[in-house]
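Subject: Structure handover

Hi,

My notes on it follow below.

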Amino acid sequence: MKIGIVSDTHDLLRPEVITALQGCETILHAGDISSPGVLDGLSQIAPVKAVRGNNEKDGTESLPPFLDFELAGLRVFMTHKKKDVPKDVNAFDLVICGHSHQYAEAWSGRTLLLNPGSCGPRRFHQSITLAILTTDGGHLTVERIDIPHTPKETAPKIDPGNVKAQIELVMKETQKGRGPIEIAQRSGLDPALTEQIARLYVTHPGVTADGIMTKMGL
C-alpha cells in the first residue's frame, strides 16, 4: 500500500504536491490545513485522514486533535504537535506529527516516528517536503519528497542578519503583555513572523533569541 503523508499546508495545495501524491491509496494530513479546500483537493486523489493543527479555520478546526487507527495492518497514531505524542509509542507501528515544518524520521524500536515537514508556504530557508510510505507485508519503507520552490520563494522575506533583533523586540513586547497583532502594527513587522516568534516564546519558557532562531530553522 502506498500512503502519502503531509502536514502544514496552510491553505496551499501545490500542483507539485498533487503530482507527488498520485498513486497513493490513502493520504494522511498531520494538521495546520487552514482550509477545507485543501482537504477537498487531496480527497480527489485518495481518501484522507486528518487531525487538527493550531492554525485551523473555516471548518477545519472541528477536526480531531489526534487519531489512533489501523491502516494496512499497521497501528497508526497521528497528531499535530510532537509534545502530544504518547510517551510510550511501543504499541504503534507508525507515529506521525507535524508543526515544526522540518522533516524528520527515526525508529524507536519497531515504531517509525515521522514528521513529513511542510509542503505549504515556504518559511525562511526551510525545505518544502512530504513523505511517501510504502508498506508490504508489515515492512515499511519511507521516501522523503522535496518540492522545488519557485524563484520568488528562494530568499526569506526578512533579513537573516537582522532577525535576532526582531526576535528580541517581539520577546520584549510580549513580556509587556502585548499580542502579536499589536506588536506587528506598532513595530512594522510581518504579522506571520511576529505570531510565530511570539508563539515560540510563550510555548517554550526560558527560550533565548538564539533558541528561537534555531527552532525557526535560521
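In helix α3, the buried residues are Val163, Gln166, Ile167, Val170, Met171, Glu173 and Thr174. Buried means under 20% relative accessible area, exposed means over 50%, and partly exposed lies in between (1.4 Å probe, protein chains only). The model is predicted: local features need pLDDT of at least 70, side-chain atom pairs count only at pLDDT 80 or more, and totals for chains, interfaces and linings use all residues. Residues are numbered from 1 along each chain as its sequence is written, and side-chain values use heavy atoms, with hydrogens and water left out.

**Helix α3**

Helix α3 covers residues 163–175, 13 residues in total. From first C-alpha to last it reaches 18 Å, close to the expected 18 Å. That expected span is 1.5 Å times one less than the number of residues. Helices (H or I, at least four residues) and strands (E, at least two) are DSSP runs, numbered from the N terminus. An α-helix has 3.6 residues a turn, so residues three or four places apart point the same way.

What covers the buried residues of α3? The cover includes α4 (180–187), α5 (191–203) and α6 (209–215). Contact here means heavy atoms within 4.5 Å. After α3 comes Gly177, with a positive phi near 90°.

**Nonpolar cores**

A nonpolar core is a set of buried Ala, Val, Leu, Ile, Met, Phe, Trp, Tyr and Cys residues joined through side-chain atoms within 4.5 Å. The largest one has 19 residues. Val6, Leu21, Ile27 and Leu130 have the most contacts inside it. Helix α2 (36–43) and strand β9 (129–136) each supply at least two of its residues. The largest share, three residues, comes from α2. There is also a second, separate core of 18 residues, which includes Ile5, Phe69, Leu112 and Ala131.

Leu21 deserves a look of its own. This residue is in the loop between α1 (15–20) and β2 (26–29). Is Leu21 buried or exposed? Leu21 is buried, at a relative accessible area of 0%. Setting aside neighbours within four places in sequence, Leu21 contacts Gly4, Val6, Ile27, Leu42, Ile45, Leu130 and Ile132. Its C-alpha is 8.8 Å from that of Ala46, 25 residues apart along the chain.

**Salt bridges**

A search of the whole structure gives 10 salt bridges. The criterion is a side-chain nitrogen of Lys or Arg within 4 Å of a carboxyl oxygen of Asp or Glu. Some of them follow, with N to O distances.

- Arg75 and Asp68 pair at 2.7 Å. Arg75 is partly exposed, at 27% relative accessible area. Asp68 is partly exposed too, at 38%.
- Asp93 and Arg110 pair at 2.2 Å. This pair links distant parts of the chain, 17 residues apart. Asp93 is in the loop between β5 (74–79) and β6 (94–96), and Arg110 is in the loop between β7 (104–108) and β8 (111–115). Asp93 counts as buried at 14% relative accessibility, while Arg110 is partly exposed at 44%.
- Asp210 and Lys164 pair at 3.2 Å. Here the link runs between helix α6 and helix α3, 46 residues apart. Asp210 is partly exposed at 42%, and Lys164 is partly exposed at 34%.

Which residues form a network through shared partners? Salt bridges join Glu173, Lys176, Arg178, Glu182 and Arg186 into one.

**Pocket and cavity**

Both come from a 1 Å grid over the protein atoms alone. A cavity is a set of points where a 1.4 Å probe fits but cannot get out. A pocket is an open set with protein on both sides within 12 Å along at least five of seven lines. Lining residues have an atom within 4 Å of a point. Points are joined across faces, edges and corners, and a volume is the space filled by probe spheres set on them.

The largest pocket holds about 710 Å³. Its lining has 25 residues, and Lys82, Gly98, His99, Ser100 and Asn115 are the closest to its centre. β7, β8, α5 and α6 each supply at least two lining residues. The largest share, four residues, comes from α5.

How many cavities of 30 Å³ or more are there? The count is one. The largest cavity holds about 40 Å³. Its lining is His101, Ser118, Gly120, Pro121, Arg122, Arg123, Gln126, Ser127 and Ile128.

Best wishes
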